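Me: I'd like to learn how to read side-chain features in a model like this one. Could you take me through them one at a time?

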Amino acid sequence: MPQSRDTAAVIVAAGRGTRAGGDIPKQWQDLAGVPVVAHTVNAFRAAGVARIALVIHPDDRPRAEALGAATLEGVELVHGGETRDASVRNALEALAALAPETVLIHDGARPLIATALIRRVLDALDSHAGAAPALAVTDALWRGEAGLVTGTQDRSGLWRAQTPQGFRFPDILAAHRAHRAPAADDVAVARAAGLDVAIVEGDEANIKLTFAPDFARAEAILKDRAMTIRIGNGYDVHAFTEGDHVWLCGVKVPHSKALLGHSDADVGMHALTDAIYGALAQGDIGRHFPPSDPQWKGAESHIFLRHAIGLAREMGWELSNCDVTLVCERPKIGPHAIAMQGKLAEIMGVDADRVSVKATTSERLGFTGREEGIASLATALLVRK
Ligand code: MG
C-alpha cells in the first residue's frame, strides 16, 4: 500500500488504567506475545501511516523504548499531560513542525484497528473536516437504579464511538489550542470548534481493551485473523575478485579468490537475511541498510541477520527453521557446513537443528559453473511466538 505521506497518527497510551488487572497499565501488557501498544503502532504503519506521535506517561518511557527500533521507526515519543485533552494537544504540537494534512487520533488500547477502517476514516476526510467510526446501538437500552430497571431509552440515533478519529490537521490543532473545558474525545473538541464530523462505519473487532476478558477476546480475534506461519525466500549473488578467502554463512573459508561486495559479501547470510525480511513482508537488506550509506561499507553481515531476526521477534514471530543452499564449484562447502549452521544459529539465537546449510555445484554450467561467483538461495519459516 502506498504511504499516506500527508497523514500522521496520534496514539494515546498515557493512561494508568489497570482495570484489566496486572500491575502495569493495560496498553503495556502483553497481547499475543507483544505489548498492546506494539500491535497498535504496527497496525498504523501497515496501513501506510509512517509518522506517529505515541503519547506515553513518563513512567512508561523504558517500556516504550523497549518496543525496539523497528517498531519505533518514525515514532516520536511524547509525554502525556494531566488530561486526555492535554495529552492529545501535546502530540499535535509535536507533529505541527511536520505539517501533515490529516491526522488520525487513536486509543493505544485499541490494538485490532484494521487497515480498511483507517482507509474509511481517511476517505471521509476528503469531504468533511472530521470523520470517526461508530457502530449503531442495536441492543435495547435501559435505565436502571439499585439493580432494578427504571425505564427504557430510545436507541434511535445513538452510536457507540470508536477511534481513530480523523481530522484535517490545522483544524484540529486550532480546535485543541482553543479548547478549555474537559472533553469526552476529540470529536467533542472538534464539534466545540464548529467542525463537521462524519460518522463512518466502525468495526466490531476494533475493541478497546479495558477488562481482563477483553484480552482473551482480542487474542481470539488476532488468532482468527492472523497468519500463524509465514514463509520467505532469499536469493543473492556475489562475484569473485582477487583474494585468499571468502566469508560464507559467517565462516571464513580459505580460497584462491574473494567475493566482491559492499559489505563482507557473505552471500549465504544475505540470502537468509532476505528470506526473513521476505517472510515479514519487510523488503530486503537494501531497504534496511542502503548500499548508498557509507556506514555499511565493509560491514559484517551478522549485523543484517541480527536485525532481521530482531525485527521478526518484535513483530511477534520466531524462526521455525531455515535452509540455505550455496551454489558454487569451489570452495568445497561440506567440510564447513556444520560450522556454518552453528554460526548462523548463534547469530539468530536458535538451536542449530533449526538451521540447514547445504551446497550444490551447477555442473560447471552458467556463471557459478565458470567460477565467476557464488549464488545462494534461502528459505525461512517463521511461526507465531
Ligand atoms: Mg549480497
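Me: Let's start with burial: are Phe289 and Trp296 buried or exposed?

Reply: Here is the general idea: a residue is buried under 20% relative accessible area, exposed over 50%, and partly exposed in between, with a 1.4 Å probe and protein chains only. In this structure Phe289 and Trp296 are both buried. A word on the source: this is a predicted model, in which local features need pLDDT of at least 70 and side-chain atom pairs count only at pLDDT 80 or more, while totals for chains, interfaces and linings use all residues. Residues are numbered from 1 along each chain as its sequence is written, and side-chain values use heavy atoms, with hydrogens and water left out.

Me: Which residue lies over the face of Trp317?

Reply: A charge sits over a ring if NZ of Lys or CZ of Arg is within 6 Å of the ring centre and within 35 degrees of the ring normal. Here Arg384 takes that place over Trp317, 4.2 Å from the ring centre.

Me: What are the protein donors of the magnesium ion?

Reply: Donors are N, O and S atoms within 2.8 Å of the metal (3.2 Å for Na, K and Ca); water is not among the atoms, so sites may look incomplete. The protein donors are Asp236 (OD), His238 (NE2) and His270 (ND1), 2.1 to 2.3 Å from the magnesium ion. Along the chain, the donors follow the spacing D-x1-H-x31-H. Asp236 is buried at 16% relative accessibility, and His238 is buried at 12%.

Me: How many salt bridges are there?

Reply: Side chains of opposite charge can pair when their charged atoms come close. The rule asks for a side-chain nitrogen of Lys or Arg within 4 Å of a carboxyl oxygen of Asp or Glu, and the count is 17 salt bridges. One of them joins Arg177 and Glu93, whose closest N and O atoms are 2.7 Å apart. Arg177 belongs to helix H6 (residues 169–178) and Glu93 to helix H4 (residues 84–96), so the pair ties together parts 84 residues apart in sequence.

Me: What is the N to O distance between Arg364 and Glu371?

Reply: These side chains meet in a salt bridge at 3.0 Å, N to O. Arg364 is exposed at 52% relative accessible area, whereas Glu371 is buried at 11%. Elsewhere, salt bridges with shared partners join Arg84, Asp107, Arg110, Asp186 and Lys208 into one network.

How values were computed
Helix = DSSP H or I, 4+ residues; strand = E, 2+ residues; numbered from the N terminus.
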